[in-house]
Amino acid sequence: GIGLEHAGRPASIHVAIRAMLFCHSVWRAARVTGVDAGKTAIIRVMSAHTKDSKDVDLSQLRVPYSSTVFTEEMLVSRTDPFKQFGSWLQAALDHKDIMEATSMCLSTCTKDGRPSSRMLLMKQYSDKGFVFFTNGLSRKGRELEQNPVACLLFYWEPLHRQVRIEGSVEHLSEEDTLAYFNSRPRANQISACVSQQSSVVSSREELEEMHRRLLEEYRESDGRSALLVPKPPSWRGYRLVPRLFEFWQGQSTRLHDRIVFELAEGGVGGGWTIKRLAP
């Protein structure tokens, strides 16, 4: 019942997102509906595996939503989706049960249509776009070099809201990337140096030993200030420049509200069009 497809958009990215949301919903349903319901779900899953069944029945896991209907009249702005995003983000930041409101699913795709998704943190946004940082040699970095378009998905489960954002991706300047890198906690900087992201490692112990050695090398010592940790050349900043926003408000009846802002033909100067999609 989670409608994320949009006509004319690549379906492969949305398939990956829907799979991740389904797994999260199963976990949340067992947790929210109580211990007994959770035990029942676990027993059903275990029983299915014990009988060598190919299917695991999760069809009865449901959570009632307490959200109100989301209408066009409730939009913060009908001309600026960034303002609507800011309003929903603030509600998520203020919610006591949402620990990381800036976490988002980033979906990328190879040129031949193989999607991949992962969770990471948004570090900045403005009317220019949404900023994140990662190792350019990682799978997502390589896919963005091949195919510089992506989809972001913010999911704030206690509010029964999600925001999907599609657009092109560009590099941040080296100056801006370095400024953010230097603002990170030292241990995080060293982790970026240690990890050749997405490459095969022999063990966790190998990574921990490299991390320990670099912490020692760059630590503050008698008569010497801590050395500046150099940013790895492949560690980069990216900005997703939106062409589409979808604001989704979940409803128990599955008549979910979906309001889309799409950049009009002609680019940024063309303004945004609004439409409602069927759930």
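Predicted model: local features only at pLDDT ≥ 70, side-chain atom pairs only at ≥ 80, totals over all residues.
**Cysteines**

A pair of cysteine sulfurs would have to lie within 2.5 Å to count. I checked C151 and found that the nearest cysteine sulfur, that of C105, is 7.6 Å away, so C151 is in no disulfide, given the cut-off of 2.5 Å. I also looked up how accessible C151 is: the residue is buried, with a relative accessible area of 2%. C109 is buried as well, at 6%.

**Salt bridges**

I searched the whole structure and found 16 salt bridges. I noted the general point that side chains of opposite charge can pair when their charged atoms come close.

I took R239 and E170 next. They form a salt bridge, with the closest N and O atoms 3.1 Å apart. R239 sits in strand β7 and E170 in strand β6, so the pair ties together parts that are 69 residues apart in sequence. I found R239 buried, with a relative accessible area of 14%, while E170 is partly exposed at 36%.

I then looked at E174, which forms a salt bridge with K231; their closest N and O atoms are 3.1 Å apart. E174 belongs to helix α5, and K231 to the loop between α7 and β7, 57 residues apart. K231 is buried, with a relative accessible area of 12%.

**A network**

R258 is in strand β8 and E246 in strand β7, twelve residues apart. I found both R258 and E246 buried. Which residues join them in a network? I found R164 and E166, linked with E246 and R258 through salt bridges that share partners.

Note on methods:
Residues numbered from 1 in each chain as written. Heavy atoms only, no water. Buried < 20%, exposed > 50% of the residue type's maximum accessible area, 1.4 Å probe, protein only. Salt bridge = Lys/Arg side-chain N within 4 Å of Asp/Glu carboxyl O. Helix = DSSP H or I, 4+ residues; strand = E, 2+ residues; numbered from the N terminus.
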